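Biologist: I am new to this structure and would like to learn how to read it. Could we go through it together, one feature at a time?

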Amino acid sequence: MSEKSLPRLGVNIDHIATIRNARGGDHPNPVAGAWAAIQAGADGITAHLREDRRHMHDEDMSRLQALCSSENIPLNMEMAATDEMLAIASDLKPHAICIVPERREERTTEGGLDVAGQIETLTPIISKLNANGARVSLFIEANRGQIEASAKTDAKVVELHTGAYAHALDDGDDEKANKILEDFRGCAALAQSLGLEVHFGHGLTFENVAPVAAIPECMELNIGHFIIGEAVFMGLDAAIKQMREIVTEARQAA
Ligand SMILES: CC(=O)[C@@H](O)[C@H](O)COP(=O)(O)O
Ligand SMILES: NCC(=O)COP(=O)(O)O
């Protein structure tokens, strides 16, 4: 079988900071976690600086950027489209920025960004981030209207939110999960045809990642909560390597 291009594996280290913050000290340190993830073969580090700073803190982001640039590994900063975050990102200059929706009261990122409904406010922010040297992605649901709107901005990438797919499988609703996978395939092809690179992320696990990794347009997967949780049982190195193995096998078999 000929070698197929493999999706990059971005490891999201937010929830190392969640554990650290439970006690307010410095352990476990997310930057040390990022270093360990890089040693285990992560292709990139993803970190979400939330407006409420529930996990990553500003100084974590500066230290992550220093680590990633010295290791020559891309840092993907997730952020809301606010003036505060734009100013931080402009100083930090990470390799990539993923603009995500944020609701202060939410438990996690519960949906995709409404690019179609906010195109006027998002476009100048994306342009400023681009001018600052970042590759900008938009975290959206697999919806054709959102993809078409994303292509009208200066963003180079869309990351399709896999949360609803993961929840459908958790609920045993295979029919719904399969329908969402069909949407992923159609939307990934549409996005690529419009010149957008396609990433996927949120709620991905050893159990559910394979069909997503098999989508030929998928260039990057961003996975955090499950890998960090699984590291409690098998170690971070083994969890990342196992995820990489599943992703590679899925893509090679596609
Ligand atoms: C956008 C996204 O999906 C990530 O930010 C990730 O889920 C981080 O964890 P929380 O959503 O729990 O902050
Ligand atoms: N953009 C999604 C991400 O970075 C990781 O999401 P999760 O695996 O923590 O749910």
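Modeller: Gladly! Keep in mind that this is a predicted model. Let us begin with E5, helix H6 (residues 144-151) and E6, which form a right-handed β-α-β unit.

Biologist: In which sense do E5 and strand E6 pair, and over how many bridges?

Modeller: E5 and E6 (residues 157-161) run parallel, with four bridges between them. To find your place, look for Phe139, which stands opposite Glu159 in E6.

Biologist: And what about strand E4 and E5?

Modeller: Strand E4 (residues 96-99) also pairs with E5 in the parallel sense, over four bridges. Here Cys98 is opposite Ser137 in E5. The chain passes from E4 through helix H5 (residues 119-131) to E5, in a right-handed β-α-β crossover.

Biologist: Is strand E5 mostly covered or uncovered?

Modeller: Mostly covered: of the six residues in E5 (residues 135-140), five are buried.

Biologist: How should I read a nonpolar core?

Modeller: The general idea is that nonpolar side chains tend to be buried together in soluble globular proteins. In this model the largest nonpolar core has 76 residues, and Ile45, Ile97, Ile99 and Leu221 have the most contacts inside it. Helix H8 (residues 174-193) gives this core its largest share, six residues. Among the contacts of Ile97 beyond its neighbours within four places in sequence are Met77, Leu129 and Val136.

Biologist: Which residues surround ligand 1?

Modeller: Its shell includes Asp14, His48, Arg50, Glu78 and Phe139. By class, the shell has two nonpolar, seven polar and three charged residues.

Definitions and conventions: Residues numbered from 1 in each chain as written. Chains lettered and ligands numbered in written order. Predicted model: local features only at pLDDT ≥ 70, side-chain atom pairs only at ≥ 80, totals over all residues. Near = placed C-beta within 6 Å. Nonpolar A, V, L, I, M, F, W, Y, C, P; charged D, E, K, R; others polar. Core = buried A, V, L, I, M, F, W, Y, C linked by C-beta atoms within 7 Å. Buried ≥ 20, exposed ≤ 12 C-beta atoms within 10 Å, placed from the backbone. Helix = DSSP H or I, 4+ residues; strand = E, 2+ residues; numbered from the N terminus. Contact = placed C-beta atoms within 7 Å. Pairing = 2+ DSSP bridges. Right-handed = clockwise from strand over helix to strand, strands pointing away.
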